[in-house]
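I set out to go through this entry one element at a time and to note down what I looked up. The entries below follow the order of my reading.

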Amino acid sequence: MIRRSLSTAACALTAAVVAALAAPALASAHGLVGKQDLPIPRWLFAWGATIVLGASFAGLALLWSRPRLQEPRERRVIAVPRVLEPLAGLVGVAVFVLTLYAGLAGAQVDTANLAPTMIFVIVWVGVPFVSVLAGDVFHAFSPWRAIGRASGWVARRIAGGALPAPLAYPERFGRWPAVAGVLAFVWVELVDPNRGDPSHIATLTLIYAAIQLLGMSLYGERAWTANGDGIGGLFALFARLAPLAWREGALWRRPPLSGAPGLPTPPGTVALLIVAIGSTSFDGFSMGSTWLGLAPHLQRAFTALGLSESAGLQVATTLGLLAMILAIGGLYRLGADGVRSVAPGISGGAAARMFAHSLIPIAFAYLAAHYFSLIAYQGQAIVYLASDPLGRGSDLLGTAGVAIDYTWIGATGIWYVQVAALLGGHIAGLVLAHDRALARFADAKVATRSQYWMLAVMVTYTCLGLWLLSAAA
Amino acid sequence: MSVPIAHAGHWAATLLYAAPIIVVVLALVIQRWRDRR
């Protein structure tokens, strides 16, 4: 009964996504797309992407008949000096303190102050790109982790020996604290009316860091960082796609994507990835005509209940964000349920966890596609903000006069990057899911059949992503 | 809210993004129906 209800809910969500796709796009209706010079209509890219995904699926079924990514194949490249990690931590703490100081003491103008660009562009968008290429570098630079480790070291020195062991991290918590952290971050990014206020952002960042320090002091640095740090945890997931890994005091190389199948899946792992995909989707959706038409109605409904206009809009936007996350999660659950068509003994939740790692490249693809223009343009602002972090007219490095170059890539180039990111991410997702299915099911044909509905989910995610980008263009 | 008729062309254009999904889902449903027979 529950399974049937879940399937029905998932079908309803699919229908909702398809219906949302069918709604008119304000941006395309009002000519903001003239900047792009494309040889074919943008909707045709969705058709092309579907054909490429279908062909990739068929290619995998025919040519990829045994699991190749399940066992890690890593080669040690070079030893990493032990001093490098504390040094990286020191750099992370210095940047963190500078960002907080700029946010609290600098000019309260979002484009002139270092804090908003550092947090929303360089860290939130830039670090995932670096992680996918160079591995989990944030782990070393994480300021709260560095402060936590340094505090532990100092405390051990003062105590003259070992400190009491931290509490055992409750298994049932899983990654849910990280999910809550990411949800809070994206709420600030997408809903909070004060998100452009540097002092507000700096204060919230300080609160986030304090929560991380509290978690580390209770459960230990390793257990908390792996489960409770939403930002660091998400970057660590992206780093699993990288051809490089940093561990055991060495740098290792490995085939791209091969770090993903080893993903541990404690409770909340799927939710963390779904929140990442859903929040990025809502960011795009909130710029399209469907939401811009719907939001005022929802806002009026809430103001009629006694809320102020601002609070009404916040509640409406929060509900929109949560609905999008649920829709993305429902679609994934539909794909996972499809696995049960060949293995009825597996529960839907177990199937969802089994293929959770295939969501990593999709989450990165959504982030890369939706925020590429942000990092490509606003990311350059870090050059002049480094010289004038407070926005008070200083020129510490002689780069305060550098302007953002909007000409190095045009709207057409950005569109192609976005399409390539979405397509590449979903093909990578198909590869990871196919490889896991081969490992799980002895018969290659059964493994392929188990992925039919996952293919439908990948096609839906891709078309949804392209539509969102198109509507927001 | 946008006026649906005034934006009929855009409705049709954006519906085209959903069409591949419908085609794939229909193909899977037909395949499932055949399997059951």
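This is a predicted model: local features need pLDDT of at least 70, side-chain atom pairs count only at pLDDT 80 or more; totals for chains, interfaces and linings use all residues.

**Entry: helix α4 of chain A**

I began with the length of helix α4 of chain A, which takes in residues 84–105. Its 22 residues should span 32 Å at 1.5 Å a residue, and I find the end C-alpha atoms 31 Å apart, which agrees.

Which residues of α4(A) are buried? I list Ala88(A), Gly89(A), Gly92(A), Phe96(A), Thr99(A), Leu100(A), Ala102(A) and Gly103(A). They cover an arc of only 160° around the axis, so they sit on the same side of α4(A). Looking for what covers these buried residues, I found that the cover includes α5 (114–134), α6 (138–141), α7 (143–159) and α9 (198–219) of chain A.

On the face of α4(A) turned away from the buried side I noted the exposed residues Pro86(A) and Leu90(A). Leu90(A) also belongs to a nonpolar surface patch with Val83(A), Leu84(A) and Leu87(A), and together these four have about 370 Å² of accessible area. Leu87(A), itself a residue of helix α4 of chain A, is partly exposed, with a relative accessible area of 44%.

I then turned to helix α9 of chain A, where Gln212(A) is placed. Is Gln212(A) buried or exposed? Its relative accessible area is 2%, and Gln212(A) is therefore buried. Leaving out residues up to four places away in sequence, I find that Gln212(A) touches Trp144(A), Trp224(A), Gly228(A) and Asp229(A).

**Entry: salt bridges**

How many salt bridges does a search of the whole structure find over all chains? The search gives ten, and I looked up several of them in turn.

The side chains of Arg145(A) and Glu221(A) meet in a salt bridge at 2.8 Å, N to O. This pair links distant parts of the chain, with Arg145(A) in helix α7 of chain A and Glu221(A) in helix α10 (residues 221–227) of chain A, 76 residues apart. Arg145(A) counts as buried at 5% relative accessibility, and Glu221(A) counts as buried at 17%.

Arg449(A) is partly exposed at 35% relative accessible area, and Asp35(B) is partly exposed at 40%. Elsewhere, salt bridges that share partners join Glu74(A), Arg247(A), Glu248(A) and Arg254(A) into one network.

**Entry: two residues with positive phi**

Glu248(A), which lies in the loop between β2 (244–247) and β3 (250–253) of chain A, has a positive phi of about 50° although it is not a glycine. Glu248(A) is exposed, with a relative accessible area of 63%, and its salt bridge with Arg247(A) has closest N and O atoms 2.9 Å apart. Arg247(A) is partly exposed, at 32%.

Leu257(A), found in the loop between β3 and α12 (269–285) of chain A, has a phi near 80°, again a positive value in a residue other than glycine. At 18% relative accessibility, I count Leu257(A) as buried.

Methods:
Residues are numbered from 1 along each chain as its sequence is written. Chains are lettered from A and ligands numbered from 1 in the order in which they are written. Side-chain values use heavy atoms; hydrogens and water are left out. Helices (H or I, at least four residues) and strands (E, at least two) are DSSP runs, numbered from the N terminus. The expected span of a helix is 1.5 Å times one less than its number of residues. Buried means under 20% relative accessible area, exposed over 50%, partly exposed in between (1.4 Å probe, protein chains only). The arc is that of the directions from the helix axis to the C-beta atoms. Contact means heavy atoms within 4.5 Å. Patches are made of residues with over 30% relative accessible area and no salt bridge: like charges are joined within 9 Å, nonpolar side chains (Val, Leu, Ile, Met, Phe, Trp, Tyr) within 5 Å. Accessible areas come from the Shrake-Rupley method with a 1.4 Å probe; for residues, only the protein chains shown count as cover.
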